[in-house]
Amino acid sequence: KMSRKKTFLVIAIILFIDQASKIYIKTHFELGQELKVFEWFRLFFIENEGMAWGAKLSDISSHINDSSAKLFLTIFRIFALFGIGYWLHQSLQKSASKILIISLALVFSGALGNIIDSVFYGILFDGSLGQTSTLFASESYASVFHGNVVDMLYFPLFKGYFPEWIPFIGGNYFSFFDPVFNVADMAISTGVGLLLVFNKKIFPKPTTT
């Protein structure tokens, strides 16, 4: 059984690590700056204005401008967070499986971490282009609900060229793994992964007599 206290502790720890790492990167790195920790792991500061993989609603429809798309996305994330929070609350009340509660706690904390960026970072920081940002800056870089999500974890594990004999892509340069992400993204991915892997254990089929 996963207690409410332990669940909140998991959320608090992930949220603290996520926000501490983002604030450090914002105040010590310029946008686009990279630090090679190992050949396969780097800190690479980028800001995500939209959805996963940098996609934006304004890319889908020309009738939606970037500002409206950003506001819609942030509000959608907040509603989704309430939904996840309600599911977590109900699971705790019903003493659901430990794996389910941990999974939901990971997804909740990750979603909350990225929502904090979207809602508050625009008014808490000044710009990062060509400079390191200042926390509680006198001139903010965006309005409330229009902040960018901070990403910095980059794992270029493999890179090289596809063999010439492979059709269509032979000889092309490739690298793996290209996406740049953050601790909140890791928490969400881990939580969703646990839900998928342990789906049958978390949601057992009712036995028929």
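**Note on the salt bridges of the predicted model**

1. Lys22 and Asp117 are both buried, a class that here requires under 20% relative accessible area, with exposed set at over 50% and partly exposed in between (1.4 Å probe, protein chains only). The structure is a predicted model, in which local features need pLDDT of at least 70, side-chain atom pairs count only at pLDDT 80 or more, and totals for chains, interfaces and linings use all residues. Residues are numbered from 1 along each chain as its sequence is written, and side-chain values use heavy atoms, with hydrogens and water left out.

2. Lys22 and Asp117 form a salt bridge, their closest N and O atoms lying 3.1 Å apart. The term denotes a side-chain nitrogen of Lys or Arg within 4 Å of a carboxyl oxygen of Asp or Glu. This pair connects distant parts of the chain, 95 residues apart: Lys22 belongs to helix 1 (residues 4-28) and Asp117 to helix 4 (residues 98-124). Helices are DSSP runs (H or I, at least four residues), numbered from the N terminus.

3. Arg42 has a salt bridge to Glu34, at 2.9 Å from N to O. Arg42 is buried, with a relative accessible area of 12%, whereas Glu34 is partly exposed at 36% relative accessibility.

4. Arg42 also pairs with Glu39 in a salt bridge whose closest N and O atoms are 3.2 Å apart. Glu39 is partly exposed, at 44% relative accessibility. Through shared partners, salt bridges join Glu34, Lys36, Glu39, Arg42 and Lys159 into one network.

5. Over the whole structure, the search finds 7 salt bridges. Among them are the Lys22 pair with Asp117 and the Arg42 pair with Glu34.

Conventions: Helix = DSSP H or I, 4+ residues; strand = E, 2+ residues; numbered from the N terminus.
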